[in-house]
Each structure stands twice: as C-alpha cells, then as structure tokens.
Amino acid sequence: MEILLNILRFSAPVSLAAMGETVGQKSGLINIGLEGMMLTAAYVSVEVATRSGNAWLGLLSGVLAAVVMGLVQALFTIKWAIDQVVIGTAINLAAIGLTSTLFEANYGGAGKLLDAPSLLIAGKYDVILILLIPFFLAVTWALFRTNWGLALRATGEYPDAAEAAGFSAQGLRYQAQLIGAIFAGLAGVYLSLGIASSFAINMTAGRGFVAIAMVTFGRWKPLWVLGASLLVGFAESLQYLLQSTSSGLPPQLFKAIPYLLALAVLIVVGRGTVAPASLAVPYRRSK
Amino acid sequence: MKGALRTLIVFAGLILILAITLALFGLDVGAALSTIWNGAVGSKAGIARSLVRATPLIFTGLGMVVAWRAGMYNIGGEGQYVMGGLASATLALVVRSWAPAIATPALLVGGALGGALFAAFAGWLHVKRGVQVVISTILLNFVAIEFLKFCVRGPLQKSSGGIFQTEALPNTLMLQRFDRQTDFHSGFFLALIVVVIVAIYLYRTKSGFQMRFSGANPDAARASRFEPGKKQILAMAISGGLCGLAGAVDYTGLIGFVGDGFSQDWGFLAIPVALLGNLNPVGAAGAAVYFGGLFAGCEVLQRSEPIGDTIVPLIQGVAVLGVVGMQRWLENRTNQSKGAD
C-alpha cells in the first residue's frame with residue numbers, strides 16, 4: 001500500500017500534466033511549452049507559499065501563473081495561428097530563464113532548500129493526490145460523453161466540421177488550452193510544493209516532455225494515459241528500489257526504460273489512425 | 001535589402017529586450033550593459049570566451065536550420081550533441097596512438113557520424129513508422145543523457161580517480177590553440193567553414209533545393225516525382241551530424257574529456273539561434289555569435305551582480321516571441337492592404 005502510494009505520488013506530476021495535454025491534443029494543440037508552464041507554476045507556488053505561509057495561496061498562484069502563460073501562448077498559436085512548436089519552445093526558454101534568474105537572485109547561486117508549508121490535509125494524503133483519479137474520470141466523461149467533448153474532438157480532427165455544426169473551433173481550442181494550463185499548473189505545484197516543499201533550478205527536469213510522450217503512449221485515451229504515467233512512476237521507484245538492493249544492473253537503464261518503452265510502442269503501433277488529424281495544425285476560419 | 005532590414009530590427013530588438021530585462025531585475029542598465037559589453041568584446045580574453053561559447057552554437061544552430069527547413073522539428077539536438085561527444089570519446093580509445101594529423105580529423109568525423117545515425121533513426125521513424133520527430137527526439141534526448149551517465153560510470157570511465165568521466169585526450173590530439181592564456185581553438189574556424197558549406201548545399205545544389213522544397217510543400221514535392229521522405233531522413237542525418245560535430249569539437253577543442261556534465265544545453269539553445277537567424281545558415285551563425293557574446297558577458301556580470309547567464313534563455317524566448325509576432329503582424333497588414341484593392 002505504501003509502495004502504491006509512492007508510485008502514485010511520483011507519477012502525479014506527469015499524470016496531471018499529461019491529462020491536460022490529452023485535452024489539448026484532442027483539440028489539435030500540441031503544447032511543447034508544457035515543461036515551462038510546470039516550471040513556472042512550481043517556482044511561483046513555492047515562492048508565494050513560503051512568503052505568505054499559506055500553502056493554498058501558493059497553490060492558487062502557481063496555477064494562475066501557468067494559466068497566464070497558457071493565455072500568452074494561445075494568443076500566438078490560436079489567435080495568430082503561429083507554429084505551435086516554435087511558440088512552445090520560446091515559452092520553455094523564457095520559463096527556464098525567468099525562474100532560474102529569480103531563484104538565483106533571491107536565494108543565491110548555490111540555491112537553497114526552502115521549507116514551504118505543506119499541502120497535506122489528511123495524514124499523508126493531500127488534496128491533489130485525492131483528486132487525481134476523479135480528475136481523470138471527469139476528463140474522460142467530458143471528452144467522450146458530452147456534446148462539448150464531441151465538438152472538441154472534431155476540432156482536433158477536422159475543424160471545419162466543428163464550425164459547420166455551429167461550434168467555434170478557435171473557441172474550443174481556447175477552452176482546451178485553459179484546461180491544459182490549469183493541469184500543467186497543478187502538476188508543477190505538486191512537484192515543488194506537494195512533494196519537495198522546495199524549489200530547485202530546472203526542477204521539472206523534462207517531466208513536461210515526458211507528459212507529452214505519455215499522451216502518445218496512451219493513444220490519446222485519458223485512462224490509458226494515466227496507466228502510462230503510472231508505469232513511468234513505477235519505473236522511477238523501481239530504480240531506487242534496485243539501487244538499494246544492488247542488483248548489478250545499471251540504474252541508468254531503469255531511468256531510460258520508460259522512454260525506450262514509449263518509443264517502442266510508437267514504433268509498433270506505427271502510423272496510428274488514433275492521432276488527431278489536425279494536431280499542431282493552426283486553424284484559420286475561411287471567409 | 002529586406003533581409004538587411006530584418007537583421008537590423010532583430011538586432012535592435014535583442015538589445016532592447018536585454019536592457020528591459022536588466023532594468024526589471026533592478027540593475028543599473030547602463031552600467032550592466034557596459035559590463036556585459038566589456039566582458040564579451042572588451043579584451044582578448046573576452047573575445048576568446050565569446051567565440052568559444054559561440055562555436056558549439058554555430059554547429060547546432062546550423063543543424064536546426066537544416067532539419068527545420070526540411071519540415072523536421074528536430075528538438076533532439078542535445079541528445080545528438082551528447083552522442084557525438086560519446087562517439088568521439090569512444091573512437092579516441094582506438095586512434096590515440098595514431099598520428100595527430102589523421103587521429104584528430106577521425107575524432108571529428110566519428111562524432112559527426114554518431115550524431116547523424118542517432119538523428120537519422122528519428123527521421124526514419126517519422127517517414128517509415130509515422131512517429132512524429134518532435135516526440136521521438138524528445139524521448140531520444142532522455143535516452144542519450146542516461147546513456148552518457150552509464151558510459152562514464154562503466155565502459156568509458158577513466159581507470160583511476162573514481163570520477164565519472166572518460167580518459168583525458170592527449171594534448172597532441174586536441175584542436176589547435178593559438179594563445180596560452182585563452183581557450184580559443186581552431187574549432188571556431190571549422191564552424192565558419194561549415195556555415196559556408198551548409199549555405200552552398202541548401203541554396204546552390206539540387207539536393208538542398210529538394211530538401212527545402214520537401215519542408216515547404218511535401219505534396220508538391222511528391223507531384224514533382226521525388227520522395228520527400230528520403231530528403232527528410234537525409235535532413236535529420238545532416239542535422240544530427242552537425243550537432244554531433246558540435247559535441248566532438250567541444251570534446252577535442254575545449255574540454256578534452258566527456259563527463260557527467262557534458263550536456264550544456266547547446267543543442268536546446270540552438271533552436272532560438274536558428275529561428276532568430278530566420279532559418280538561414282548565415283543568420284544562424286550571426287545569432288550564435290551574438291548569444292555566445294551574451295553568455296560570455298553575463299558570466300562577467302555575475303561576478304558583481306546577483307544575476308548572470310540565466311537571463312540568456314529568457315531573452316531568447318522573448319525574442320523568438322517578438323520576432324514571430326512581428327512577422328505575423330506584417331503579413332496580416334500586407335494581406336489587409338491587398339484585400340482593400
């Protein structure tokens with residue numbers, strides 16, 4: 001039970017980010033800037049929580065910071081229909097630069113272990129962890145059992161069809177972007193405030209990119225994406241387990257396994273028809 | 001003329017963003033700018049430092065230009081850089097007894113091949129198995145970094161000292177240095193030669209034209225009876241080869257060994273370099289030298305102020321947003337004035 005809880009905790013940041021990314025990709029948006037949004041939320045939440053002494057205020061401001069970044073990104077990718085990979089890369093660069101500079105300026109070049117207030121509410125459980133599975137069920141229901149979800153998925157496949165049915169393709173993408181940013185924010189907050197109670201430079205260490213990979217790995221189905229993310233958490237905890245029992249196998253192998261596995265799945269499944277057809281294609285309404 | 005104007009605007013914009021960033025962090029803008037300027041170009045040591053930082057950025061920036069021009073979103077420059085360095089360091093075990101005139105070029109070629117094969121795999125996956133390059137290169141970056149850690153703790157680890165790095169390369173096999181007091185090495189000149197080669201390839205050869213055409217309009221490429229897929233795999237191989245060469249040049253020119261800290265994000269920072277250079281080889285080289293200088297200058301700034309070279313990616317990110325935003329605004333304005341006719 002303890003081990004299971006640890007796996008869930010380890011994989012929660014990637015799971016949360018991947019859930020938001022699933023909604024985004026279903027609407028045709030690939031968020032390369034996910035990593036940067038998580039990192040910014042991670043920094044802002046710890047900074048605010050430490051200064052105010054209130055973890056909830058930290059949680060709120062972290063998510064808010066990710067949402068602001070998400071809206072800036074949407075301005076470029078949705079409103080102005082500029083290439084999503086280009087903008088996402090720029091968002092990542094700005095986030096790593098901004099958080100590192102602020103952290104160094106405030107706490108010195110060597111960094112400092114902060115002691116931010118905790119998010120725990122019931123013993124060793126915290127609200128984000130408790131809500132993780134309900135979140136996934138809610139997203140699955142919204143995407144596959146509502147008219148809104150149908151229209152959103154149509155936007156990711158063939159936006160003109162969604163428009164013809166009376167929906168606004170751009171509007172739906174804004175909504176997907178907002179949901180993605182909120183979950184990216186929660187993921188970042190959980191990583192810093194939830195697990196570490198502190199911040200370190202580049203502490204997301206690629207987890208945003210892992211989350212993007214997990215969406216593909218999970219074939220764009222929320223529960224499969226959750227399963228894939230848990231597998232990564234499992235591999236990560238396995239690495240610590242095996243390190244302590246000295247099995248003779250190199251620990252780097254276990255760290256690389258999730259990525260190799262994700263790649264292997266992509267190779268085997270190949271050119272799947274499940275990928276949204278208009279993924280990463282900007283939409284401009286024809287006049 | 002239009003290109004020159006764009007260069008001027010981008011350059012002025014970069015300085016403006018730098019000044020605003022410094023002001024926002026509460027520094028005296030004039031004093032900080034002069035510290036950065038002096039640190040970058042104010043002395044022989046400064047110029048050497050700037051060009052040494054710019055060297056890997058030129059190679060990796062060119063790599064991104066080639067891949068992105070072919071429509072391949074190579075985000076794996078970092079992994080390819082690492083694999084290049086590792087391939088070169090592995091080869092060093094074999095060639096260390098050879099004559100330097102043959103051994104050193106062999107190390108560079110080996111590094112380029114290592115990066116090229118690693119990237120070509122991602123290109124092949126894209127063309128043959130429909131795996132998006134964006135996704136596969138992200139995954140392969142992680143694999144390369146873990147592979148590096150494994151190699152310097154196992155098969156390639158230095159026999160004595162218990163530290164996580166390879167054997168040091170003998171001085172005779174290192175790239176030429178021109179001055180005892182600085183790190184400046186001949187890798188910079190190699191980078192300049194490669195800029196010319198890549199520019200000629202992209203703009204003056206049939207293969208280069210087809211590669212750009214494959215990226216700009218794959219359907220039209222198919223209609224013109226050549227398979228864009230082949231060109232895209234080749235583009236990835238060249239792109240990875242250039243990133244691998246960057247790793248090999250840093251190994252043979254600057255560091256002399258490959259260790260845990262070998263990955264310095266040059267492959268990642270290459271993306272804004274290529275974009276700000278308008279995906280043009282000469283433009284990318286210019287951007288690389290600018291950011292090399294900024295890195296060098298900010299390192300000096302850090303000695304007296306609480307902020308340093310971490311502002312470079314911030315400036316790159318904001319600059320990319322500014323440039324693509326401006327381009328779109330100009331396009332929209334042109335379209336509107338056309339529509340009014």
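Predicted model: local features only at pLDDT ≥ 70, side-chain atom pairs only at ≥ 80, totals over all residues.
Glu47(A) belongs to helix α2 of chain A, which covers residues 34-52. Its C-alpha atom is separated by 32 Å from that of Pro258(A), a residue that lies 211 residues away along the chain.

From this residue of chain A we can turn to the place where the two chains meet. The contact draws 34 residues from chain A and 35 residues from chain B. On the side of chain B that touches chain A, at least two residues each are supplied by α5 (100-129), α6 (133-153), α11 (266-276) and α13 (311-340) of chain B, and the largest share, 12 residues, comes from α13(B). Sorted by class, this side of chain B has 24 nonpolar, 7 polar and 4 charged residues.

One pair of helices lets us look at the two chains in more detail. Two packed helices are described by the angle between their axes and the distance between the axes. Helix α9 of chain A (residues 207-217) and α6(B) have axes that come within 10 Å and cross at roughly 125°; the two helices are therefore oblique to each other, and their crossing is left-handed. On α9(A) the contact is made by Phe209(A), Ile212(A), Ala213(A) and Thr216(A), while α6(B) brings Ile135(B), Ile138(B) and Leu139(B). By class, this contact of α9(A) with α6(B) has 6 nonpolar residues, 1 polar residue and no charged residues.

Terms used: Residues numbered from 1 in each chain as written. Chains lettered and ligands numbered in written order. Helix = DSSP H or I, 4+ residues; strand = E, 2+ residues; numbered from the N terminus. Contact = placed C-beta atoms within 7 Å. Nonpolar A, V, L, I, M, F, W, Y, C, P; charged D, E, K, R; others polar. Axes fitted to C-alpha atoms, helices over the stretch in contact; angles between N-to-C directions. Parallel < 35°, antiparallel > 145°, perpendicular 65-115°, else oblique. Left-handed = near helix turned anticlockwise from the far one by under 90°.
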